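Here's a quick tour of the fold, meant to be read with the model open beside you.

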Amino acid sequence: MSQAATAALAQRRPLHVPVAAALRRAAAVVIVLAALVGLYELYRWIWSSAGWTHPFVVDDTSMPHVWVILHALWQPAQVNQPALGTILFHKSLFTAKEAAVGFGLGAVIGFAIGIVLVHSRLLTRGFLPYIVASQTIPILAIAPMVVVWVNPKLPASLQGWGSVAVIAAYLTFFPVAINTLRGLQSADPRALDLMRTYAASRWTVLWKLRVPSSMPFVFSALRVAATASVVGAIIGELPSGLQSGLGGAILNFNQYYSIEPQELWATNIVAALVGIVFFVVVVAAEKAVVRRAPENVA
Amino acid sequence: MSQQQPEHVVEIANLTKTFPRGNITALENIDLNLRPGEFVSLIGPSGCGKSTLLRVIGDLVEPTQGTVTVNGKTARQARAGRDYGIVFQDAVLFDWRTVTKNIALPLELLGWDRAKRRRRVEEMLELVELTGFADHHPWQLSGGMQQRVSIARALAFEPALLLMDEPFGALDEMTRERLNLELLSIWEKLGSTVVFVTHSISEAVFLSTRVVVMSPRPGRIAGIVDIDLPHPRGVETREEPRFFELVTQVRELLRLRGEHLLPEEAAALSE
């Protein structure tokens, strides 16, 4: 390596993201968003002016205009109420609380399962089928049971939303458990040899080698889990009869869809935004935690 | 520090290692003793068990038969007592740790306090000439630099024995020769015993005080060549006639590996 290249290496600051790159990325997001909105409106225009009815009739009910949807956010959904946007904002905070608690709970449980399983092939063989089976049961079938079982046991402050958090955790733990296990197993065998030469205990190997090796895997699971926890929270609200969250709002606006479709659309957009916020938070946490060669970040 | 130093740092007696899968005899009847401060290279074609032999000394592989004694203890006790440092073909650095923290890893496991660790890491960085790269992450370093970090890590807790498994095998020729020089000067400074696995004849001759030539399947010692090149050795050592003679001797031993060599013949060749 030349002197200049060595000096350049020495100069290089880790994780320095130039402002220009950040701007480019933001621009890409905006352009894609604009393109998607454009395509939606274009499709709508072509189908309605041509009178095509396949695959479905395009009208103000099936595909309300984007601006109608956005406008609905500034309108009260019912007389003498704040704007729909304000209401949805508060509802999304409620759902986000359920999802965040569920996400945290699921992540901790999933991580713990991964740590237990990596130490015993027998346990892995025995338990993995059930862990997989747990996810093949539709969440809608489980949710009412969880509400009935969990809710009565919860203290007053957790009543209602606590059981929804448990449902969100049910969706969250699985990807975290599976990926934690894989990540812990991904430790370089030569690094494991190295730790043996230090006569390192299991515990030391776990914390100094296996857990750091697993981080890229864990974080890619957390990204999946972050959005899953929001879905879990929304679905969990349905059988709980909770009206304070987005799930309640979706159930409600569903009934009025033929009259005011824009309200359900607006609610869906807010729900998607909550999911995106969750995702972005996890990505930011990953950036802060995982110090790894760029090509090794899963 | 040690009041009664054992005569040999490593004693290998009648060692045989077979791997049950495929019924492969990797090593057969190996007898080898290493004196304190020796630099011994194990050389042989791939599959001759030289890496296995190193791993048996390090208690990473259990012998099927025979005994291995390190610093007067069993290999297991020696490993538990952290009697040796090891360097692999790849640096095996932890990506998530800086250079400093990689070198400090064994010191952390030994329970050294922070200040002591920092002092030692600084010394080691100086030794391997990486001062200024303390806060870099491994992926920001070249292969040669990474291997130097790995050597610093192996030497950080001053083990009496250093095991090196083809440490420069993955590097380009120029980097390799420079690191050979650096390793020699480190060894001359520290006086530790080194077991060095390689398949480069010139590297083995240049570095070692003794070269153990091994034959493949089953891995046996085909002969041992004493390297009487004077110390300190430098770039010019590689140009001395004696260097070429020794290289030829090792090459002859390697060439005869496949054929059935009687012990007397091997001994004659080693003369």
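Two strands count as paired if DSSP finds at least two bridges between them. Strands themselves are DSSP runs of E with at least two residues, helices are runs of H or I with at least four residues, and both are numbered from the N terminus. This is a predicted model, so local features need pLDDT of at least 70 and side-chain atom pairs count only at pLDDT 80 or more, while totals for chains, interfaces and linings use all residues. Residues are numbered from 1 along each chain as its sequence is written, and chains are lettered from A and ligands numbered from 1 in the order in which they are written.

**The four-stranded sheet of chain B**

- One open sheet in chain B has four strands in the order β2-β1-β4-β5, with antiparallel pairing.
- Its edges are β2 (24-34) and β5 (73-74) of chain B; each has a single partner strand, so one side of each is left without a neighbour in the sheet.
- Strand β1 (residues 10-19) of chain B pairs with β2(B) in the antiparallel sense over seven bridges.
- Along that pairing, B:K17 has B:L27 in β2(B) as its bridge partner, and B:F19 stands opposite B:I24 in β2(B).
- The β1(B)-β2(B) hairpin has four residues between the strands, and B:G22 there takes a positive phi near 80 degrees.
- On to the next pairing: β1(B) and strand β4 (residues 65-70) of chain B run antiparallel and are joined by five bridges.
- Which residue in β4(B) stands opposite B:T16? That would be B:Q65.
- B:N14 lies in strand β1 of chain B, and its phi is near 55 degrees, a positive value in a residue other than glycine.

**The six-stranded sheet of chain B**

- A further open sheet has six strands in the order β6-β7-β8-β3-β9-β10 (chain B), this time with mixed pairing.
- At its edges stand β6 (84-87) and β10 (220-226) of chain B, each with a single partner strand, so one side of each is left without a neighbour in the sheet.
- Neighbouring strands of this sheet are turned by 15 degrees against each other on average, direction ignored. (Axes here are lines fitted to C-alpha atoms, for helices over the stretch in contact, and angles run from 0 to 180 degrees between N-to-C directions.)
- Strand β3 (residues 39-43) of chain B runs parallel to strand β8 (residues 193-198) of chain B, with five bridges joining them.
- In that pair, B:V40 has B:V195 as its bridge partner in β8(B).

**Helices on the sheet and on each other, chain B**

- α5(B) lies across β6 and β7 (161-165) of chain B, running at about 170 degrees to β6(B).
- Helix α8 (residues 241-255) of chain B also packs on the sheet, where it touches β3, β9 (210-215) and β10 of chain B, and its direction makes about 170 degrees with that of β10(B).
- Helix α3 (residues 99-109) and helix α5 (residues 143-155), both of chain B, pack at an angle of about 30 degrees with their axes 7 Å apart. That makes α3(B) roughly parallel to α5(B) (angles under 35 degrees count as roughly parallel, over 145 as roughly antiparallel, 65 to 115 as roughly perpendicular and the rest as oblique).
- In α3(B), B:V99, B:N102, B:I103, B:L105 and B:P106 meet B:V149, B:A152 and B:R153 of α5(B) (contact means C-beta atoms, placed from the backbone, within 7 Å).
- The residues of this contact of α3(B) with α5(B) divide into six nonpolar, one polar and one charged (Ala, Val, Leu, Ile, Met, Phe, Trp, Tyr, Cys and Pro count as nonpolar, Asp, Glu, Lys and Arg as charged, and the others, Gly among them, as polar).

**Chain A**

- Chain A is divided into domain 1 (3-63) and domain 2 (84-296), with bounds from an automatic or database domain assignment.
- The centres of these two domains of chain A, taken over C-alpha atoms, are 27 Å apart.
- Helix α7 (residues 161-185) and helix α9 (residues 202-240) of chain A have axes that come within 6 Å and cross at roughly 160 degrees. α7(A) and α9(A) are therefore roughly antiparallel to each other.
- The residues of the contact of α7(A) with α9(A) divide into 20 nonpolar, twelve polar and three charged.

**Cis peptide bonds**

- In chain A, the peptide bond from A:H54 to A:P55 is cis, with omega near 0 degrees; A:P55 is found in the loop between α2 (19-50) and α3 (66-72) of chain A.
- In chain B, a cis peptide bond joins B:H231 and B:P232, with omega about -10 degrees; B:P232 sits in the loop between β10 and α8 of chain B.

Definitions and conventions:
Two residues are in contact if their C-beta atoms, placed from the backbone, lie within 7 Å.
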